[in-house]
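Grab your viewer and work through these exercises with the model loaded.

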Amino acid sequence: MFADLSTLKKFESDLDFLSHHDPLTRLPNRLLLMSTLDHCIHRALRDKKRAALLMIDLDRFKDINDSFGHLAGDELLQLVAQRLLLNRRETDTVCRLGGDEFTILLEDVDTNENAARVASDIINALSEPYQLANGVPVRIGASIGISIFPGHGNTPLLMLQQADSALYQAKSEGRGCFSYFSQ
């Protein structure tokens with residue numbers, strides 16, 4: 001008896017991918033971020049290293065969605081994802097949490113200043129103009145919250161919450177900047 005299981009295997013593979021990745025940007029999602037962050041924390045503890053979690057929120061993204069529609073907003077999110085992937089190290093993990101929120105997990109960060117340099121580079125890269133498929137040029141910005149391990153959080157959930165708190169601090173300081181988590 002012969003049965004072709006290739007369709008079933010492809011379906012299983014697609015389902016696994018979609019459960020761990022954002023379908024729009026194809027970046028890892030929150031579920032995969034939490035798993036990767038947990039592994040990173042354990043490795044950093046073992047090797048006595050540091051890590052940083054950067055939470056990125058796009059400034060003025062709602063204006064693009066409202067002005068040009070959700071399809072233009074989706075296209076812009078894909079362009080942002082591409083820029084984030086271009087501006088990272090091989091060891092960094094770029095994720096989309098949803099909406100216009102992204103994270104970057106920086107493994108093996110020597111100092112807090114290195115995380116700040118990466119955050120500044122990201123803010124500059126994302127502030128460059130984008131050209132949408134309809135020919136319209138658009139500009140957005142980014143605000144970033146930074147949580148450092150060890151020192152800030154020692155669990156994936158705590159690091160994510162602290163990066164989120166730092167992000168809102170950056171937004172309250174006028175957007176287009178980054179902020180470290182602090183008590």
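How many salt bridges does the structure hold? It holds 10 of them, counting a side-chain nitrogen of Lys or Arg within 4 Å of a carboxyl oxygen of Asp or Glu.

Some housekeeping before going on. This is a predicted model, so local features need pLDDT of at least 70 and side-chain atom pairs count only at pLDDT 80 or more, while totals for chains, interfaces and linings use all residues. Residues are numbered from 1 along each chain as its sequence is written, and side-chain values use heavy atoms, with hydrogens and water left out.

**Exercise 1. Work out the strand order of the open sheet and find its edges.**

Step 1: get the elements. Helices (H or I, at least four residues) and strands (E, at least two) are DSSP runs, numbered from the N terminus. Two strands pair if DSSP finds at least two bridges between them.

Step 2: The five strands run in the order β2-β3-β1-β6-β7, with mixed pairing.

Step 3: look at the ends. β2 (93-98) and β7 (178-180) each have a single partner strand, so one side of each has no neighbour in the sheet.

Step 4: On average, neighbouring strands are turned by 20° against each other, direction ignored.

Step 5: zoom in on one pair. β1 (residues 51-59) and β6 (residues 141-149) run antiparallel and are joined by nine bridges. In that pairing, Asp59 sits opposite Gly141 of β6.

**Exercise 2. Describe how α3 and α4 meet.**

Step 1: recall that two packed helices are described by the angle between their axes and the distance between the axes.

Step 2: the axes of α3 (residues 61-68) and α4 come within 6 Å and cross at roughly 140°.

Step 3: classify the angle. Under 35 degrees is roughly parallel, over 145 roughly antiparallel, 65 to 115 roughly perpendicular and the rest oblique, and α3 and α4 are therefore oblique to each other.

Step 4: list who touches. Phe61, Ile64, Asn65 and Phe68 of α3 meet His70, Ala72, Gly73, Leu76 and Leu77 of α4.

**Exercise 3. Check the length of α5 and find its buried residues.**

Step 1: the expected span is 1.5 Å times one less than the number of residues. With 16 residues, α5 (residues 112-127) reaches 23 Å from its first C-alpha to its last, close to the 22 Å expected.

Step 2: sort by relative accessible area with a 1.4 Å probe, protein chains only: under 20% is buried, over 50% exposed, and in between partly exposed. Buried here are Ala115, Ala116, Val118, Ala119, Ile122, Ile123, Ala125 and Leu126.

Step 3: the cover over these residues includes β1, α4, β3, β4 (130-131), β6 and β7.

Step 4: Arg117 and Asp121 form a salt bridge (3.5 Å, N to O); both lie in α5, four residues apart, about one turn of the helix. Arg117 is partly exposed at 46%, and so is Asp121 at 38%.

**Exercise 4. Is each partner in the Arg89 salt bridge buried or partly exposed?**

Step 1: Arg89 pairs with Asp92, with the closest N and O atoms 2.7 Å apart.

Step 2: Arg89 is partly exposed at 35%, whereas Asp92 is buried at 6%.

How values were computed
Axes are lines fitted to C-alpha atoms, for helices over the stretch in contact, and angles run from 0 to 180 degrees between N-to-C directions. Contact means heavy atoms within 4.5 Å.
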